[in-house]
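Please view the sequence and the structure first.

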Amino acid sequence: MNERTRMLDHYTTRVYKNRKDHVLQIENAPSSQEIAANTRTIPGIITNRGCCYAGCKGVVVGPLKDCLVITHGPIGCGYYSWGTRRNKAVAEPGGQNYLPYCFSTDMQESDIVFGGEKKLEQAIAEAVEIFHPAAIMICSTCPIGLIGDDVEAVAKRTEEKYGIKCIAFSCEGYKGVSQSAGHHIANNGLMKHIIGTGDKRPATKHAINILGEYNIGGDGWEQARILKRIGYEIVTVFTGDGSFQTMKNAHLADLNLVMCHRSINYVAEMMKDKYGTDWLKVNFIGVEATIQSLRDIAKYFDDPELTARTEEVIRDELANIADAVAYYKSKLKGKKAGIFVGGSRSHHYQALLRDFGVETIIAGYEFAHRDDYEGRQVLPTIKEDADSKNIENLVMTPDPQLYKQRYSDEKIEELRRELPLGTYAGMIRDMKDGHVVIDDFNHFETEQIIKLMKPDIFFSGIKDKYIIQKGGTPSRQMHSYDYAGPYAGFLGAVNFARDITMAIYTNAWAFVTPPWKNHSTLIGTVGTVGGDDHA
Amino acid sequence: MLDLTPKTMTERKALRINPCKTCQPVGAMYAALGVHKCLPHSHGSQGCASYHRTYLSRHFKEPAMASTSSFTEGASVFGGGGNLKTAVRNVFDIYNPDIIAVHTTCLSETIGDDVGACIADMDIPEGKYVVHTNTPSYVGSHINGFYNMMQGFINYLTVSTGTPNGKTAIFPGFVNPGDMREIKRLAGLMKVPFILFPDTSGVMDAPMVGRFEMYPKGGTTINEIRSLGDCTEVLALGPMTNTEPAELLKKKFKVPFTLLPLPIGIEATDRFLMELSRISKADVPYELEEQRGQLVDILLDSHQYTYQKTVAIYGDPDIVTGLTSLCLEMGMVPKYVITGTPMEEFTKEVTALLERYGVTGAVVKANSDLFELHQLIKNEPVDLLLGGSYGKAIAKAENIPLVRAGFPILDRYVHSYLPLVGYTGMIRIVERITNTLMDRQDATCADEDLETVM
């Protein structure tokens, strides 16, 4: 019995029937095994998944620093998504930064009974009076859709009344099966209302957007540092340290770089269809991965000067971290890791771990779709179900004025043979025989698979962290980086290696078992103590 | 930091900014974790359970185990009863708790799921229990959720056998495991047989032993909850958290109760001990008298660093009331005392305290938020902030030192292991407040004014 079978063996038939398709053990790598994903979690299972609101407000919309995001609903949802996701941001000169703030309509019982639209409009009036924002975003929580508040109408009236941008996101928590639905809803809103509304053209000839980079722990800033050294101009970032003001001009960039495929591929595809902007799948997590991505971007632009500069920067950056990389590799080589994160990092971080000689033997996603596991080629074969059908799928047509394709179709086909241009091969292809892949991993499976496969370190989120650590396995949070980072790019790789080295080697591990547990405290000869019989 | 907060205050009727409360279900989840071998269950979207578990894990740095009904759009339209039934079956199959404590969410409340009827209709395995409470997120705060869950347990489990158990029920309210341990220590020293309900010590401060225990040793047992109806009386520590469950127990089983402030500060601790002494007829032992004497000694020794220092206190109603009392005993002047929880008793309690010490001109508000607190501070600053982690942005923006106490503390370690309550708790907080103010003096004074001896 392999580890997969042994893990699933604990389940009742009912649960087994569902979960068996979400777990696979790699055979004949590079594997093209199929996995079930983006389907409902079984009620009662201690899943790590969050909700649609978390994906929309928490992930995509929330980091936009110059947008005043009002959570429309009872207080909890706004409260929990307040300042906890570590999307770092600094206000643009003269601009605003709303990230340290939480705004909510704090709905009360009467608002649920009589409707919350009036309260929302009043909240917007107060927000405008106090803050004078350039843009307001409304994110709906569960009750809103049920009581039928027309948030889109409120947004429209707000735009008319105050002459500012106002976008409503109907991202009620129950929509879809995970955060993923919220990503899609957020992508749609940004595409419909922001992208393409600006006219500030880039000043240079190599202008890019970074998509799906949320600047957790400053990851986006490390990427920007490297890209700017080479000479790229960054028009906007979706959405870490991003802004409404810069996102308006996103369509004027030359190329979209996609980091987190899951959360932002919709924008990438829609921009390709509407504006002709190509997208390139990149990974700036890991030294080798970063180098590969930088070379891929240079290849796309095909400018000898840019290519030379790219190689120069790579050489310089590598020299700068060489000693640290060698040191941490000596500490980490041969270790085994497990990683369960959201929808792209479980793949990205395998590259970074590989840089230091660590093999990832268990990997899984919380809310990925089959294309994140198996590659985008499976997209036409994915059947829509009741849950995914409810999320609007926008179809874009070329914009008559703004559509511009950089290269001919033939040239793009040629580039595609060398570059992940407009495509993504997925995680599974990078995994080896015997490795285990788990979709929508839950607490029970996490605990079981760690017992069975004994990784030296396990990466997951805060809900798992202390479970894993109490079980004796070092654990680092891969959503929040345990309040450290950045982990991206060259400098980030060293930060990451330092942090996992300390997680494995910290002195406290030596004290877990008290000395008396391995030592007999009974001194004497059997049969002589007491002298009485115990019968 | 918080650069967009204007000094000019305007009236807000609808917009909550930087809240000082959260929603009911997280309180219910925390209360349920204080029951032995209980798995809290969130009847709503996955996000609710995920957020609440995250919040609790960030505060306690511990696992916070709970399951969810994983509502989809279909369940939201047609009702979540089916999801709940499936969930309960799976929870018993996979996680094997002795009891599942269901709380609702704004989702299941808005669609009107009848959880009680659903539970009544379930096949529950022999010897296992499912209880529930209603925790609509749009009413009150996490404090309401906490006591609603207590009532859920009482409603389902508690009985009166007619034979008194000779025990006193002690309700500690929404406090840390460190506080619960100290309350138990005090009751033990006062020789009062008791049932602490709920009791998260041994659960949310469980030790590292090299293996994960889904149900650690701690928690009030089902038998103890059942036996609450046979208790001699109830000591409800924290009237704003405990009045309702105490009244429920009185109404159903005629168990009398005494409402006491949370024993934070000397006076409130004295009162708690006097009540315990009344019950057990035991004298306060020298051990506690000695500790009290040490505390008063410390206050007299260090008073010059705290006397007339102004403080802003924010957080949950009973804890904030206790901290206000404590600060007054230290000779400090509470200038702003706020809670986000909408409970008007809070303003009455705190105002009465301030009047007793002759403090005038303080702003005392329930249903307030940290944005309002910040604006107040911008207009008239204070020497110290006392409350949870979200105040750190105000502390940074206004360059005011912050001493963390209460909920949530997401950005520091160890706090949940140590008490705020009892003389022990006050000695700890006095050290923290005094040192913080003295560190500030050291850091900001002129070189020639740096004192070697203070």
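The model is predicted, so local features need pLDDT of at least 70 and side-chain atom pairs count only at pLDDT 80 or more, while totals for chains, interfaces and linings use all residues. Residues are numbered from 1 along each chain as its sequence is written, chains are lettered from A and ligands numbered from 1 in the order in which they are written, and side-chain values use heavy atoms, without hydrogens and water.

**Negative patch**

B:E244, B:E247, B:E344, B:E345 and B:E349 form a negative surface patch. At least two patch residues come from each of α10 (239-253) and α14 (344-356) of chain B; α14(B) gives the most, with three. Helices are DSSP runs (H or I, at least four residues), numbered from the N terminus. B:E345 lies in helix α14 of chain B.

**Cysteines**

How many disulfides does the structure hold? Over all chains there are zero; a disulfide is a pair of cysteine sulfur atoms within 2.5 Å. For A:C102, the nearest cysteine sulfur is that of A:C77, 10 Å away. The sulfur of B:C48 is 5.5 Å from the closest one, in A:C142, which is too far for a bond.

**Accessibility**

Buried means under 20% relative accessible area, exposed over 50%, and partly exposed in between (1.4 Å probe, protein chains only).

| Residue | Relative accessible area | Class |
|---|---|---|
| B:E345 | 41% | partly exposed |
| B:C48 | 14% | buried |
| A:C102 | 3% | buried |

Definitions and conventions
Patch = residues over 30% accessible without salt bridge, like charges linked within 9 Å, V, L, I, M, F, W, Y side chains within 5 Å. Areas by Shrake-Rupley, 256 points an atom, 1.4 Å probe, with all protein chains shown as cover. Salt bridge = Lys/Arg side-chain N within 4 Å of Asp/Glu carboxyl O. Lys, Arg positive; Asp, Glu negative; His and termini not counted. Charge placed at Lys NZ, Arg CZ, Asp CG, Glu CD.
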